[in-house]
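Thanks for coming. I will keep this brief and go through one model on the screen.

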Amino acid sequence: MYAIVDIETTGGKYNEEGITEIAIYKHDGQAVVDQFISLVNPERPIQPYVVNLTGISSKMLRNAPKFFEVAKRIVEITEDCIIVAHNAKFDYRILKLEFDRLGFKFERKNLCTVELSKKLIPDLASYSLGKLVRALGIPISDRHRASGDALATTKLFELLMSKDIDKEIIKAAIRLEPKRQIEPKLAEIISSLTSDTGVYYIHDTKGNIIYIGKSKNIKSRINQHFSGQTPKSKKIQLEVASVSYEKTGSELLALLKESEEIKYHKPKFNRALRRTVFTHGLFHFLDENGYLNLKIEKIKGTAKPITTFSNIQSGKSFMNKMVEKYSLCQKLCGLYKSKSSCFGYTIKECGGACINQENKEKYNNRVKKIIANNSFKTKSMIIIDQGRAVDERSAVWVDQGLIKGFTYFNLNFQITNIDVLANLITPLEHNKDAQHIIQSYVRRNKRIKVISLED
């Protein structure tokens, strides 16, 4: 026996929702043998977007039975039945939540028609209930009302049973805890997105931006948001109404635009990225022996580092590479590793001894080269990266240490001078975060083309 269920709720915070309407069609595998349909007084406010979607208002529910008044009937009609729902994870969770409030343990086996449809009718454009039943020619009325959606789910389930001749797929899909499925409205949003690199904006029902992010694959990243179980993901899933995006092609541009847009819009779920995105910096000083020392330190106050790092680990990793590449003294670079040697000396004995035999000027020139290569001061360059199409490239312009902006150009068109570049450029705000993003991106991506304009 099967109990085909659809539930409408108040919306709101996760696990604080209440049922506003429930419909259950009891099915023996051949036909409907019993049914229960009722409005329910949730004893809590209904979110405005839910009222617009379902048409169910608090006024309509004033004289409706409360959940404890219909609970016995729900238990009876679902007894010894497998609960079937379109996105069973949601409906089963809401039922369990309401029974938990009454102190009653409600436990039934589950079957999800979203999961079944994907297995028995693969390669459809959408598996949201509305689009799915229309594609299959199943009539649906009273959309987003429990009785209409439950009846459409019943017809869909009958079709799926007829396709599963040996009933092996249906048997395999039955479980005590339903497999998590992305809600149909969220799946519909995902299907409209691109798999390109860019910046995305998550909007609520009023069109307000509640989250901004960047990704090399926008569709995949939004799918992670919508299927995630972290507190932030769950809040986004409850409030999202739509997602817009802008292709950038270049990950560097996506990072820069994400940072700029978060600072401008200040979305409620981007609190962490409103702060400075780096914590440590590369500093230099001349010791008492006249040798240039390099050191990774936490940035304090108005200190101006040569370059910046997201954390101490990335700073130390950079320093290790410099020591190896330029044959530097580990002691003078602040790398204290008890078992390491510094040109034949242990770190404890070294104290700069490894370079005492070497010309001080030559050593300091190697350190100055690192400083010059990694400093943003007075640096003028164009960073060439991927574009939004195969025959397109992006260009980020830095002039005298200031970020001027970006542009896109066709591979058949060459930028020949600064005047042409200045006319094409779209401005980007210069700030410490943007500077950090460019410096760390250039360090990490050795394959990108960097054209020096200092000559």
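I will take pockets, then aromatic rings, then cysteines.

Some ground rules before that. This is a predicted model, in which local features need pLDDT of at least 70 and side-chain atom pairs count only at pLDDT 80 or more, while totals for chains, interfaces and linings use all residues. Residues are numbered from 1 along each chain as its sequence is written, and side-chain values use heavy atoms, with hydrogens and water left out.

Pockets, then. The search runs on a 1 Å grid over the protein atoms alone, and a pocket is an open set of points where a 1.4 Å probe fits, with protein on both sides within 12 Å along at least five of seven lines; a lining residue has an atom within 4 Å of a point. Grid points are joined across faces, edges and corners, and the volume is the space filled by probe spheres set on the points.

The largest pocket comes out at about 1000 Å³. Its lining has 41 residues, and those nearest the centre are Leu53, Phe90, Glu183, Pro184 and Lys185. Elements giving two or more residues to this lining are strand S1 (2–9) and helices H1 (48–54), H3 (88–101), H5 (129–135), H8 (184–191) and H10 (231–239). Helices (H or I, at least four residues) and strands (E, at least two) are DSSP runs, numbered from the N terminus. Which element gives the most to the lining of the largest pocket? That is H8, with 5 residues. By class, the lining of the largest pocket has 15 nonpolar, 11 polar and 15 charged residues. Here Ala, Val, Leu, Ile, Met, Phe, Trp, Tyr, Cys and Pro are nonpolar, Asp, Glu, Lys and Arg are charged, and the others, Gly among them, are polar.

The second largest pocket has a volume of about 790 Å³. It is lined by 32 residues, with Asn374, Gln439, Val442, Arg443 and Lys446 nearest its centre. Helices H13 (312–326), H16 (360–374) and H18 (432–444) and strand S18 (449–452) each give two or more residues to that lining.

Next, the rings. Rings of Phe, Tyr and Trp (its six-membered ring) pair if their centres lie within 6.5 Å; planes under 30 degrees apart are stacked, over 60 edge-to-face, and the rest tilted. The whole structure has 8 aromatic pairs. Phe67 and Phe99 have ring centres 5.1 Å apart and planes at 80°, so this pair is edge-to-face. Phe67 sits in helix H2 (residues 67–78) and Phe99 in helix H3, 32 residues apart. Phe99 also pairs with Phe106: centres 4.6 Å apart, planes at 5°, therefore stacked. Phe99 is buried at 1% relative accessibility, and Phe106 is buried at 2%; buried means under 20% relative accessible area, with a 1.4 Å probe and protein chains only. Phe67, Phe99, Phe104 and Phe106 make up one aromatic cluster.

A charge sits over a ring if NZ of Lys or CZ of Arg is within 6 Å of the ring centre and within 35 degrees of the ring normal. Arg388 lies over the face of Tyr408, 3.7 Å from the ring centre.

Last, cysteines. How many disulfides are there? The count is 0, a disulfide being a pair of cysteine sulfur atoms within 2.5 Å. For Cys81, the nearest cysteine sulfur is that of Cys112, 18 Å away. Cys81 is buried at 5% relative accessibility, and Cys112 is buried at 3%.

Definitions and conventions:
Buried < 20%, exposed > 50% of the residue type's maximum accessible area, 1.4 Å probe, protein only.
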